[in-house]
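Welcome! Here is a short briefing to read alongside the sequence and the 3D view.

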Amino acid sequence: MSPTRAVVTGGAGFVGSHLVERLIGRGDEVTVFDSGPVPHDQRLSREHARHVEGDIRDPARLAEAITRGVDVVYHLAAVVGVDQYLARPLDVIDINFLGTRNVLEQALRVGARVVVASTSEVFGKNPAVPWSEDADRVLGPTSADRWTYSSAKALTEHLTLAFGRQHGLEATIVRYFNAYGPRQRPAFMLSRSIHRALNGRPAVLYDKGEQTRCFTFVDDAIEGTLLAAFHPAAGGETFNVGSMVETTMGDAARLVATLTETDLAGVAVDTRAALGSAYEDVPRRIPDNSKARRILNWECRTSLREGLTRTIAWARANPWWLAHPDNGAALPLDAATR
Ligand SMILES: NC(=O)c1ccc[n+]([C@@H]2O[C@H](COP(=O)([O-])OP(=O)(O)OC[C@H]3O[C@@H](n4cnc5c(N)ncnc54)[C@H](O)[C@@H]3O)[C@@H](O)[C@H]2O)c1
C-alpha cells in the first residue's frame, strides 16, 4: 500500500479521526472534510492534514476537498447515534442520501475510488444471525424514527453500488458493527458506561441488558477499512467489518465495572415506557465476517477486555472527555444500538 492522496469525510469524528491518524502515519497526504472543526486532542490531524470545513450536502464546498489527483475518498460523514436519529430524523435522511450522492459524484468526476462507511443497522432486526453480507433486511414501520438511519444507510449502499454499475465508479462498502474506542461520544453503550463509571455514576441498562452486540475495537475497524480501500478485488463489494464475539449488554456493563474497579448497581430503563413506539431495539446483532477474512485477509484482533482496557486508560488520561456532558441525561435511550 503505497502513500496516496486521501480525503476523509467525517474525519473529525470518532472513527474518522482514528482513520486520519493511521493515514498520516502511513505517509498519506490527507484532507479532512467535516462540518465541524477538528477537536484540540486530534493533534496529528491538526498538524499534518488539510482541513476543509463544510457540509457534504454542499457540492461546491466538497469540490474544494475532493480535487483531481485524490486517489481515495473515505466517506464517513453522517449523523450517528440513536439520540440523534430520534431528535433529527430528517437530517439523518438528507445528509446520508444527498451528501453521499454528492461525494460519489465528485469522486467520479476526479477519478477517485471511494470507501463508504455503512452499518450493521442496515440488517435491522433480522432474527437469523449471524448476518452474511447478503442477509435480508428486516425493519419495523416507518412510523418508528429509529429506522431512518437503517433505511438511509441502506439507500447510500444502493447509491454506491448503482454508481459502480452505471458509471463505473470504483467503490467499496464497509459495514461497521458497534465500533468503540477512545474519543467516542459518551452516548453509546460502552463509551457511556465508561464515562459514567469514571464519573462515579451507575451504568444504565436497557430492558434487562439481555440484548447482544459484537463490539469491535476502532483499530480493527480501521484496519478493515484500509484493506478494503486497497484490495484489487474489493471494488463493487460490501464487507461486514465486525467482531463475531457476541456479548450481552449486561455482561459488557459488568466488564466495564470490573475494569474501572467500580461497584455500582445498574439503573434499569424500560424502553417502551420511556420512548413508546418511536424506538424499537434489536435483540441480537452478529455479523458473519468470513468474507472480509477470506478476501481481505482481515482479522478482528482486539478482545473486548483489551479494547476496553485501552479505552479506559485513554479516558482516565483525558479529563476533558470525562467532563463532557452525559448525553443520556437528555435522552435515556442511546445505549441500545448500532
Ligand atoms: N461508531 C460506530 O459504531 C459505527 C457503526 C456503524 C457505522 N458507523 C458509520 O461510521 C461513520 C463514522 O461514525 P462515527 O461513529 O465516527 O460518528 P461521528 O458522529 O463521531 O462522526 C461523524 C462525523 O461526520 C460529521 N458530519 C455530520 N454531518 C455532516 C455533514 N452534513 N457534512 C460534513 N460532515 C458531517 C460530524 O461532524 C462528525 O465529525 C458513519 O458513517 C457511521 O454511520 C459507525
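Two residues are in contact if their C-beta atoms, placed from the backbone, lie within 7 Å. By that rule, residues 24 or more positions apart account for 79% of the contacts in the protein chain with a separation of 6 or more. Please keep in mind that this is a predicted model, in which local features need pLDDT of at least 70, side-chain atom pairs count only at pLDDT 80 or more, and totals for chains, interfaces and linings use all residues. Residues are numbered from 1 along each chain as its sequence is written.

**The whole chain**

- The protein chain holds 13 helices and 13 strands; helices (H or I, at least four residues) and strands (E, at least two) are DSSP runs, numbered from the N terminus.
- With a radius of gyration of 19 Å, close to the 20 Å that the globule rule gives for 338 residues, the protein chain is as compact as a globular protein of that length. The radius is taken over C-alpha atoms, and the rule is 2.2 Å times the number of residues to the power 0.38.
- Along the principal axes, the C-alpha atoms of the protein chain fill a box of roughly 55 × 45 × 35 Å.
- Of the 338 residues in the protein chain, 49% are buried. Buried means that 20 or more other C-beta atoms lie within 10 Å of a residue's own, exposed means 12 or fewer, and partly exposed is in between, with C-beta atoms placed from the backbone.

**Two domains**

- An automatic or database domain assignment divides the protein chain into domain 1 (5-179 + 217-241) and domain 2 (182-213 + 245-285 + 302-329).
- The C-alpha centres of domain 1 and domain 2 lie 25 Å apart.
- In domain 1, 20 residues are in contact with 18 residues of domain 2.
- On the side of domain 1 that touches domain 2, α1, α4 (82-87) and α8 (218-230) give two or more residues.

**Around the ligand**

- Among the 25 residues around the ligand, Gly-10, Gly-13, Phe-14, Thr-119 and Ala-179 come nearest; a residue is near if its C-beta atom, placed from the backbone, lies within 6 Å of the molecule.
- At least two residues of this shell come from each of α1 (14-25), α5 (89-110) and β5 (113-119), and α1 gives the largest share, three residues.

**A look at Arg-5**

- Arg-5 sits in strand β1 (residues 5-9).
- Arg-5 is partly exposed because 17 other C-beta atoms lie within 10 Å.
- The C-alpha atoms of Arg-5 and Asp-28 are separated by 5.8 Å, although these residues are 23 residues apart along the chain.
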